[in-house]
Amino acid sequence: MPALGSQRRLLGSLNCTPPATLPFTLAPNRTGPQCLEVSIPDGLFLSLGLVSLVENVLVVAAIAKNRNLHSPMYYFICCLAVSDLLVSVSNVLETAVMLLLEAGVLATQAAVVKQLDNVIDVLICGSMVSSLCFLGAIAVDPYISIFYALRYHSVVTLPRAWRIIAAIWVASILTSLLFITYYNHKVILLCLVGLFIAMLALMAVLYVHMLARACQHARGIARLQKRQRPIHQGFGLKGAATLTILLGVFFLCWGPFFLHLSLIVLCPQHPTCGCIFKNFNLFLALIICNTIVDPLIYAFRSQELRKTLQEVLQCSW
């Protein structure tokens with residue numbers, strides 16, 4: 001798949017604009033924006049991938065070990081960890097193969113490299129799509145438990161959760177195959193951008209609504225205890241901070257990558273957009289950082305999971 005200059009990540013097919021149209025080497029006396037390119041060393045990619053790999057393996061092992069965690073919510077968290085795990089594995093494999101090829105240690109035919117490139121691209125794209133979908137599912141589950149508490153166990157059942165999980169994985173695989181086959185079609189890129197916007201809007205609406213309900217509940221308790229102002233302010237600030245972290249991390253880590261896709265459709269030959277295209281590797285690194293942060297936000301906050309994790313680590317020693 002075509003890649004642009006130094007943008008040699010295996011999703012370089014997203015950089016489908018011909019290099020000649022992008023001002024990557026503007027001289028000081030030429031007109032055009034001065035581009036800032038953030039270089040991401042291969043060692044950093046490997047390090048981030050390995051950290052994410054270890055974290056998400058621990059999450060999956062802890063949930064599999066503890067039967068108390070065998071509930072729809074934790075199954076969604078486990079699937080998110082598997083998705084993030086696939087992002088990490090594909091990143092580590094990709095970087096390792098590239099380093100071996102550059103060092104001359106691994107010698108193979110171009111056709112084999114291309115096939116490997118396609119396989120890892122499918123893996124990366126599919127895991128990204130599934131990660132977004134499971135993040136949405138994780139947001140929906142507590143919403144149902146809060147606003148439909150009496151019906152929660154009849155609505156969120158294990159068979160239904162398994163069907164949702166299976167549908168997400170199938171859709172992710174089909175989406176990745178379509179993307180790799182028709183990556184140069186604008187409709188495919190717009191669909192991926194639309195998925196990101198839909199998940200961002202879904203998470204924002206659900207979390208804001210849950211925060212509003214929690215604050216309303218806190219005000220009711222405060223009125224009963226005649227301490228409305230301190231409780232309301234403290235709870236509201238804490239809830240707003242949590243909401244900011246959830247949505248902020250999601251937008252910061254995923255937003256630049258999907259901005260990149262949007263600009264490929266909107267302004268593939270504009271000099272300013274060309275400057276953004278140069279930082280494609282940085283956008284991928286942010287997604288890998290998200291796979292490191294996800295367990296901290298969604299998994300390790302659970303006391304039950306942390307306790308199981310300690311048991312897993314003790315058994316490994």
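Buried means under 20% relative accessible area. These legends describe close-up views of a predicted model.

**View 1. Ser 52 within helix α1.** Ser 52 is found in helix α1, residues 42-65. Its relative accessible area is 0%, so Ser 52 counts as buried. Leaving aside neighbours within four places in sequence, Ser 52 is in contact with Asp 84, Ser 88, Thr 291 and Ile 292. Residues 44-63 are among the spans that an unreviewed UniProt entry lists as "transmembrane region".

**View 2. Helix α5 from end to end.** Helix α5 covers residues 158-181, 24 residues in total. From first C-alpha to last, α5 reaches 35 Å, close to the 34 Å expected at 1.5 Å a residue. Which residues in α5 are buried? They are Ala 161, Ile 165, Ile 168, Ser 172, Ser 176, Phe 179 and Ile 180. In an α-helix, residues three or four places apart point the same way, because there are 3.6 residues a turn.

View 3. The unreviewed entry's "transmembrane region" list includes residues 161-181 and 187-214. Residues 161-181 are 100% helix and 0% strand, with end C-alpha atoms 30 Å apart. Residues 187-214 are also 100% helix and 0% strand. Their end C-alpha atoms are 40 Å apart.

**View 4. Leu 259 and Phe 277.** Leu 259 lies in helix α7, residues 228-266. Leu 259 is partly exposed, with a relative accessible area of 41%. Phe 277 is 18 residues away along the chain. The C-alpha atoms of Leu 259 and Phe 277 are separated by 9.8 Å. The UniProt list also includes residues 235-259 as a "transmembrane region".

Methods:
Residues numbered from 1 in each chain as written. Predicted model: local features only at pLDDT ≥ 70, side-chain atom pairs only at ≥ 80, totals over all residues. Heavy atoms only, no water. Helix = DSSP H or I, 4+ residues; strand = E, 2+ residues; numbered from the N terminus. Expected span 1.5 Å × (residues − 1). Buried < 20%, exposed > 50% of the residue type's maximum accessible area, 1.4 Å probe, protein only. UniProt positions renumbered as here; feature names shortened; annotations may be inferred. Contact = heavy atoms within 4.5 Å.
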